[in-house]
Amino acid sequence: MRRSALPPFAAATINRVAWLVLAALFVCAAVSHADSGPQPKYVFFFIGDGMAMPQRGAAEYYAAAKDGKKEPGIVKLTMNKMPAQGLTSTYSLNSIITDSGAAGTALAAGVKTYNGAISVDGAKKPVPTMAEKARDKGMKVGVVSSVSLDHATPACFYSHQASRNNYYEIALDVAKSGFDYFGGGGFKDPEGKKSKQEGEKQNALEVMKAAGYTVTSDAQAVKDAKPGARLVAINPVLDADKALPYALDGEKAGLSLADYTAKGIELLDNPKGFFFMVEGGKIDWACHANDAAASIADTLAFDAAVAQAVTFAEAHPDDTLIVVTGDHETGGLTLGFAGTRYGNYYDYLKNQKASFLKFTAALKEYKKTHDAQNARFEDVAPLITEHFGLLVPTEADLQAMKSAPKPNEDNTSPADPHGMYLKPFELVAVKEAFARTMQGEKEKGDDEMDYRAYGGYEPLAVALTHILDNKAGIGWTSYSHTGVPVVTSAMGPGCQAFAGYYDNTELAKKIMAALGEKAVASN
């Protein structure tokens, strides 16, 4: 049987896609050919913690919806516009689902290890990292993160510990690293109060100063810093876990991830080049809590940091390699939900004005003067509207909602004018969560169904993020990491090496090859 010809519009579409793919490959190949002699002088490695394809896609769809665009997919993240795009597997030495320690070790050193390790192999032997290799080549080195600088991902580039929880020992390794710039979050245990190390313990920040680092949490001092001095720049505004506030919460007193990236470029730029790792760590934290709006805001903040590197690359196109990836996916984020069928309503998310964490803080204030006996749901309804935009319906609203359009399979149903109102079954779930919140931590227990419902977070906060996200057409499957492959993007000399499908250890080896180095043999 003779095959039927493709319709003209289909043939044109396929030809256009083919030309786009060929053009992207040509850009990488051309840059690589032009730079086939020397290695790239400047290497950026961006890691979105917990960021896989769903997180990137959600950020793009939200950006389009927020701006009132009717067609999806017409707003592109900077990282998604890079000419080389690949997929990267993330499993660890002992689990399909990795943690950030094992993933960070794979990305920093090209070695598989067990969950919880910090740049040691399965036998707990230290393995050299690409940042250390760059330092030994005479390049300047920077490490920036939106979470604490002793957290797993940043730590994997400069420290070697059997456990990611060795926060004091990791902080001490900053002073030993010889790196030139650290910026972003603070340190969780600088005084060693939780350390099992015996004997007198020096304050890790003082040890850094003694090693020649300027340690400051003054925003103006960070902005005024000049190249030449080694700097540990700690954000003046940190949360309880020594991380930058969520981008969604709009804290302007400190610096953004993009600010720390721009400052790093200024401080690290030199004739011998640099290696610069930047982590967007709070994408992961928001996804653990199943807060799509907070995750999207931090993904966009991370992309703004990537844009700083791209601007630098435009001035040094033959010398700059930029690689962007994730260490794993978090939350089992799904761009689609049973309740909305084929519909998606990302513009609903713009009504959320604060993260789950800021809402939890507001609840904490309410609980100071109310207990389970005298708490009234009506008291917190204004807080719900203020933070999430969700509205508690009146009886008249409930009657009107009965005639609201239902989502259909082709997404042609008109927008629901009561879309931000809590539906009766949602209102039941919210009131139940409110009652659980007011019972307090000691009442929550270890019930498995409670965990599946709330993940150990404040019940009301999680119930509200789930409802708003579901209304938008977003679902979640986990409060933990998943085994979904992540997207890796690249531009600059040799970027075609980062296209395809490969393991995270191979990703590290590709960057090391660009640096003219080799990774140790993986166990």
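Me: Against which helices do the buried residues of α12 pack?

Reply: The buried residues of α12 pack against α10 (282-288), α13 (377-388), α15 (424-439) and α17, where contact means heavy atoms within 4.5 Å. The model is predicted: local features need pLDDT of at least 70, side-chain atom pairs count only at pLDDT 80 or more, and totals for chains, interfaces and linings use all residues. Residues are numbered from 1 along each chain as its sequence is written, and side-chain values use heavy atoms, leaving out hydrogens and water.

Me: Which residues of α12 are buried, and why are they placed on the same side?

Reply: Phe-356, Phe-359, Thr-360, Ala-362, Leu-363 and Tyr-366 are the buried residues of α12. They cover an arc of only 160° around the axis, and therefore lie on the same side of α12; the arc is that of the directions from the helix axis to the C-beta atoms. Lys-364 and Lys-368, on the other side, are exposed. Buried means under 20% relative accessible area, exposed over 50%, and partly exposed in between (1.4 Å probe, protein chains only).

Me: Why is the pair of Phe-44 and Phe-274 called edge-to-face?

Reply: Rings of Phe, Tyr and Trp (its six-membered ring) pair if their centres lie within 6.5 Å; planes under 30 degrees apart count as stacked, over 60 as edge-to-face and the rest as tilted. Phe-44 and Phe-274 are 5.3 Å apart centre to centre, with 85° between the planes, so the pair is edge-to-face. The pair links strand β1 (residues 42-48) with strand β7 (residues 274-280), its members being 230 residues apart. Phe-44 has a relative accessible area of 0% and is therefore buried; Phe-274, also at 0%, counts as buried.

Me: What makes the pair of Tyr-457 and Tyr-479 tilted?

Reply: The ring centres of Tyr-457 and Tyr-479 are 6.5 Å apart and the planes stand at 40°, so the pair is tilted. Tyr-457 is partly exposed at 25% relative accessibility, whereas Tyr-479 is buried at 8%.

Me: How do you know that Lys-188 sits over the ring of Tyr-167?

Reply: The charged end of Lys-188 is 5.3 Å from the ring centre of Tyr-167. A charge sits over a ring if NZ of Lys or CZ of Arg is within 6 Å of the ring centre and within 35 degrees of the ring normal.

Key:
Helix = DSSP H or I, 4+ residues; strand = E, 2+ residues; numbered from the N terminus.
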